[in-house]
Amino acid sequence: MADISLSRAVRWDTVVGALLIVVLLFSFGFVDGFGNALNLSFLIGNTLPIALIALPMTLLVVSGEIDLSVASTAGLSGAVMGALWNQGMAIETIIPICLLLGVVCGLVNGLLVTKLGLPSLAVTIGTLAAYRGIAQIVLGSDAVTDFPAQYLDFASGRIGDTFIPYAFLPFLVLLAIAVVALHATPFGRSLFAIGASEEAARFAGIRVKRQKLILFTLTGLMASLTGIFWALHYASARYDNATGLELSVVAAVLLGGIDFDGGKGTLGGAIAGVFLLGALQNVMSLQDVSAQSQIVVTGVLLVLSVLGPRVARQIAVVRAQSSG
Amino acid sequence: MTHPSTTGPAPVLALRDVSKSFGAVRALRDVSLELFPGEVHALAGENGAGKSTLIKTLAGVHRPDTGQVLLDGAPVAFHGPGDARDAGIAVIYQEPTLFPDLSIAENIYMGRRPRRALGRIDHKATHNATAALMERLGVELDPDRPARGLSIADQQIVEIAKALSFDARVLIMDEPTAALTGSEVARLFGVVRTLREQGAAVLFISHRLEEIFEICQRVTTLRDGAWIASEPLDGMTEDDLVRRMVGRDLDELYPKQEVEPGEVALSVRRLTREGVFTDVSFEVRHGEIVGLAGLVGAGRTEVARAIFGIDRWDAGEVSVRGRALVNGAPSTAMSAGLALVPEDRRAQGLVMDMSIERNIGLTGLRTTVKAGLMDRGAERSRSLDWAVRLQVKYARIADTVNTLSGGNQQKVVLAKWLATGPRVLIVDEPTRGIDVGTKAEVHRLLSQLAADGVAVLMISSDLPEILGMADRVLVMHEGRLTAEIPRSDATEETVMAAATGRAAA
């Protein structure tokens, strides 16, 4: 019985990682147009928004919370970016303002959760609607497309003829930071404790509310960074950018073995989950599966990803009992 | 096992040569037990002796690997708790789980309430049936009162009534008194005696030996999964029973060392949390063990929580070695040298899904750090060091703490806090629900800590423990400190008088 939770976590990570490799190999072999460098760079570029938000979302879910307003924060950042650009402000000024806005959005979520003790699921469903509403007020139905060329090139281009988008490199840096933060620092360690038992964490002197506030703020920051990237990557700032992205992020993170009840999972698993979802979406697009059907697949994956680890755990329990 | 053949009735429930293993762990080895109608039978043994497995076997949760369960002399195979319940076997747990928003009557008749025409629920019949059960138990509880807010003692009564409503003939009571106050225990024992007189067989589990001698007629002792003895309690002493349980003579249960108190280590001045406790002032000196006694609900735990910073206080001040603590900030209390071993080890003391290593490591997140990163090596050696020093029994340090017995879990909590090198240690019910051997170890540890100059504040509902270990006894009653009694004057009478609000001695 002793190592069920541990072995389950390891096993599920491995399952998702293996699944990702299988899907990639299968697609290389059997899906027309998948294996060329250009398509792969599209795959990575289109998956980056999910991946960027998945970093803080993983930490948040490990600590037992969730933020569903991330896509709206991203949309709001894009909208503000477009509106300020229309006003003629320099992009070098706009970007820090948008990031600051993301910090504020995250801080609002965090304060509502930690100061008022509200459940994050409810709070962020509320701000999901509110932030998107503000985005529409700010930009209306405009689409801003004329951002400076070097920014657009950076967000959508790739390194030479390789499959690596430029933007993938800074992502790798952020990924490394997040892995270290979650798995190798006292901060990360405290998040696992908070997620597994908030009360016990408090009795161990861990500053639970402060850690959560930091996480929500970081999530807001990363969501706005994603919003900026989104607008530049697709060369379009609209109020409804990234709508529904939170569903993909949560699905991917849970698929990667992060326990929805908190306290369990690895960032490696979460990122494997993200790129598994990204690869499936890419393959479906190549096969002309409609966007609506893709959402259905995401939804089914979300259910399976919550179910999968539980079934694995049940199997482990049964096996442990019958091995006696 | 032998039982006087002169006894008329056959055993209502019996185990014959039952063995049960979980993986490599042999939880029960050839254990036999006979429960007769009209007896209260004690099940004694240290944590990990196999008591829980035995109970679960009787209750149909586990099936024996070998051996038989006999009901009225005939072998039976329970396929689940439902089978055992239908056979008239009921288990009353330490902490019952009632539906808080349903009434007492609804809890008892949940899912099988009397019906009237057209399938409508007959509230009146439910009420009357419940009232009849309460009368049979000799207890006054309003059947229509919601379960929310009932004391644990009352909740147990409801569980017992529920068992009677199933016509239970065998009641298994798993540490029912662990969370009860003295008067609640007395009432529970009244109920148990009534049931016995009505012909029920009761299997009673408690770590409090004096309770076993008070309420039980016979005792079966288990040690390391093996049956040791089944015998009448008449003529046995507590020492006899302890020897059966631990297999050797136990060193003194309260090994208190005389220590000359030093400087004031913990000073609490006029501490108040509105509606919870009022104007609490006391000091604890280095080398002292100060007992904090009182009835459950007197505010002792709440004072400890406020001192450590879990809850905020409304007025007053707390200082550790002359340094004022910040209101509501456990982390600053820790860095001032304060440690709190909380009351509820499963919810507050430990992260149950985390390993022994990481649980102990949780208090070292600021010290086992190198260049901002966790120093895994330092964390492991710190955890191993303290687990070994406290003689925690575990297979691997990476095992989760929920695989440990209660006594070993408590040792992990102690290890976690001693690893911080506290100068002031608050322990809240440090030996609740742990076996007598581990209890003696914990007492020896506290005594040694005090001898090393640690100031110890010990909250306990176990009066002999307070009297045996404390240099001074503080007593709380309804949120106020009502007495401070030096060791020489502390007796059950003086402490209980202050705890119940009668004129302090």
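So, B:Ala371: at 82% relative accessibility, this residue counts as exposed. Keep in mind that we're looking at a predicted model. You'll find B:Ala371 in the loop between β17 (369-370) and β18 (373-374) of chain B.

There's another one like that in chain B. B:Asp167 also isn't a glycine, and its phi is positive, about 60°. Where does B:Asp167 sit? In the loop between α5 (152-165) and β7 (170-174) of chain B. B:Asp167 counts as exposed too, at 59% relative accessibility.

One more thing from chain B before I move on. If you zoom in on B:Trp386, you'll see the charged end of B:Arg389 sitting over its ring, 4.0 Å from the ring centre.

According to the unreviewed UniProt entry, residues 12-31, 37-61, 94-114, 121-143, 163-182, 213-236 and 291-312 of chain A are annotated as "transmembrane region". I looked at a couple of those stretches in the model. Residues 12-31 of chain A come out as 95% helix and 0% strand, with 27 Å between the end C-alpha atoms. For residues 163-182 of chain A we get 75% helix, again with 0% strand, and the end C-alpha atoms are 29 Å apart.

Now, aromatics. How many aromatic pairs does a search of the whole structure find? Ten, over all chains. Take A:Phe26 and A:Phe30: their ring centres are 5.0 Å apart and the planes are at 40°, so this pair is tilted. Both are in helix α1 (residues 4-30) of chain A, four residues apart, so about one helical turn separates them. In general, an α-helix has 3.6 residues a turn, so residues three or four places apart point the same way. Elsewhere in chain A, ring pairs tie A:Phe168, A:Phe171 and A:Phe275 into a cluster.

Staying with nonpolar side chains, have a look at the surface of chain A. There's a nonpolar patch of about 510 Å² there, made by A:Val296, A:Val300, A:Leu304, A:Leu307, A:Val311 and A:Ile315. A:Val296 belongs to helix α13 (residues 291-322) of chain A, and at 52% relative accessibility A:Val296 counts as exposed.

For contrast, let's go to α11. Is helix α11 (residues 245-255) of chain A largely enclosed or largely open? Ten of its eleven residues are buried, so the rest of the structure largely encloses this helix. Among the buried ones are A:Leu245, A:Glu246, A:Ser248 and A:Val249, and the list also includes A:Leu254 and A:Leu255. Just after α11(A), A:Gly257 takes a positive phi of about 95°.

Last stop, A:Glu198. This residue is in helix α9 (residues 198-203) of chain A, and A:Glu198 is partly exposed, at 38% relative accessible area. Which distances separate A:Glu198 and A:Gly262, in sequence and in space? They're 64 residues apart in sequence, and 9.9 Å apart in space, C-alpha to C-alpha.

That's my tour, thanks.

Technical notes. Residues numbered from 1 in each chain as written. Chains lettered and ligands numbered in written order. Predicted model: local features only at pLDDT ≥ 70, side-chain atom pairs only at ≥ 80, totals over all residues. Heavy atoms only, no water. Phe/Tyr/Trp six-rings, centres within 6.5 Å; stacked < 30°, edge-to-face > 60°. Helix = DSSP H or I, 4+ residues; strand = E, 2+ residues; numbered from the N terminus. Lys NZ or Arg CZ within 6 Å of the ring centre and 35° of its normal. Patch = residues over 30% accessible without salt bridge, like charges linked within 9 Å, V, L, I, M, F, W, Y side chains within 5 Å. Areas by Shrake-Rupley, 256 points an atom, 1.4 Å probe, with all protein chains shown as cover. Salt bridge = Lys/Arg side-chain N within 4 Å of Asp/Glu carboxyl O. Buried < 20%, exposed > 50% of the residue type's maximum accessible area, 1.4 Å probe, protein only. UniProt positions renumbered as here; feature names shortened; annotations may be inferred.
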